[in-house]
Amino acid sequence: MSTRNAANTAQDEQGAGGRPIRVMVVDDHPMWRDAVARDLTESGFDVVATAGDGPGAVRRAGAVGPDVLVLDLNLPGMPGARVCKELVGALPGLRVLVLSASGEHADVLEAVKSGATGYLLKSASTRELVEAVRSTAAGDPVFTPGLAGLVLGEYRRLASDPAPAASNEPKAPQLTERETEVLRLVAKGLSYKQIAERLVISHRTVQNHVQNTLGKLQLHNRVELVRYAIERGLDDV
């Protein structure tokens, strides 16, 4: 990761209520972990905790409640993908950005299926990391170039698999016209910012529609949401 000039790191990274975005960094290499935490702090984020192993990450994240978890996959004690899955399920609103040395397709897909919002390689620059954390906090998917197409392709593959038969399946909940419109654009791979611009609404309104839709459909993350939309052909409309 490249260093930044301290004079250019005074950005004010704001989260909900105008407060700085709260970030936790998890990596088993102390020098790398400290460097990432320092770069994010200098860029205006509030680094509320760090951890060097899986179990410690779960405990500390539960205690401090970060907005974004910057997570390595190769962790002692518990794999990063499992850490992601446990924390996304336990902490509503948590976003996970995987920061890994591995660009293997299997690792990327496992992370996304576990609930990660984005996946960035450790070869990224500090500027790219800062942008990725900011976008992740906003709920927008972030992927190192070349990986986004892989993830969308996996969405489509999953959607093409036959769903298990369910007896007495309840009637699908009714989405509003706007929720359906937002869902269709999510399935096409647009970011929340792009959806907001397309529909001439605020970024926050897009987030609210997505959260409402997740709740109505009893889904847990964007992966499940996109699969739901593709299964119903909304990405082709």
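This is a predicted model: local features need pLDDT of at least 70, side-chain atom pairs count only at pLDDT 80 or more; totals for chains, interfaces and linings use all residues.

**Surface, confidence and helix packing**

Tutor: Residues are numbered from 1 along each chain as its sequence is written, and side-chain values use heavy atoms, with hydrogens and water left out.

Student: What's the mean pLDDT of the protein?

Tutor: The mean is 83, and 81% of the residues reach 70 or more. pLDDT is the predictor's confidence in each residue, from 0 to 100.

Student: Which elements have the lowest and the highest mean pLDDT?

Tutor: Helix α6 (residues 148-160) has the lowest, at 64, and strand β1 (residues 22-26) has the highest, at 98. Over residues 2-12 the pLDDT is below 50, and that stretch has 18 contacts in the model beyond near neighbours in sequence. A contact means heavy atoms within 4.5 Å.

Student: How many helices and strands does the protein have?

Tutor: Ten helices and six strands. Helices (H or I, at least four residues) and strands (E, at least two) are DSSP runs, numbered from the N terminus.

Student: And how much of the protein counts as buried?

Tutor: Of its 237 residues, 46% do. Buried means under 20% relative accessible area, exposed means over 50%, and partly exposed is in between (1.4 Å probe, protein chains only). As for contacts between residues at least 6 apart in sequence, 67% join residues at least 24 apart.

Student: OK, on to helix packing. At what angle do α7 and α10 cross?

Tutor: Roughly 100°, and the axes of α7 (residues 177-187) and α10 (residues 222-231) come within 9 Å. So α7 is roughly perpendicular to α10. The axes are lines fitted to C-alpha atoms, for helices over the stretch in contact, and angles run from 0 to 180 degrees between N-to-C directions. Angles under 35 degrees count as roughly parallel, over 145 as roughly antiparallel, 65 to 115 as roughly perpendicular and the rest as oblique.

Student: Which residues make that contact between α7 and α10?

Tutor: From α7, Leu 183, Val 186 and Ala 187; from α10, Arg 222, Leu 225, Val 226, Tyr 228, Ala 229 and Ile 230. By class, the contact of α7 with α10 has eight nonpolar, no polar and one charged residues. Here Ala, Val, Leu, Ile, Met, Phe, Trp, Tyr, Cys and Pro count as nonpolar, Asp, Glu, Lys and Arg as charged, and the others, Gly among them, as polar.

Student: Is Ala 229 buried or exposed?

Tutor: Ala 229 is buried, because its relative accessibility is 0%. The C-alpha atoms of Ala 229 and Val 186 are separated by 8.3 Å, although these residues are 43 apart along the chain. Val 186 is one of the buried residues of α7.

Student: What about α7 and α9, at what angle do they pack?

Tutor: About 95°, with their axes 9 Å apart. That makes α7 roughly perpendicular to α9. Arg 178, Glu 179, Val 182 and Val 186 in α7 meet Val 206, His 209, Val 210, Asn 212, Thr 213 and Lys 216 in α9. By class, these divide into four nonpolar, three polar and three charged.

Student: Last one: which residues does Ser 100 touch?

Tutor: Not counting residues up to four places away in sequence, Ser 100 touches Asp 72, Leu 73, Tyr 119, Leu 120, Leu 121 and Lys 122. Ser 100 is found in strand β4 (residues 95-100) and is buried, with a relative accessible area of 3%.
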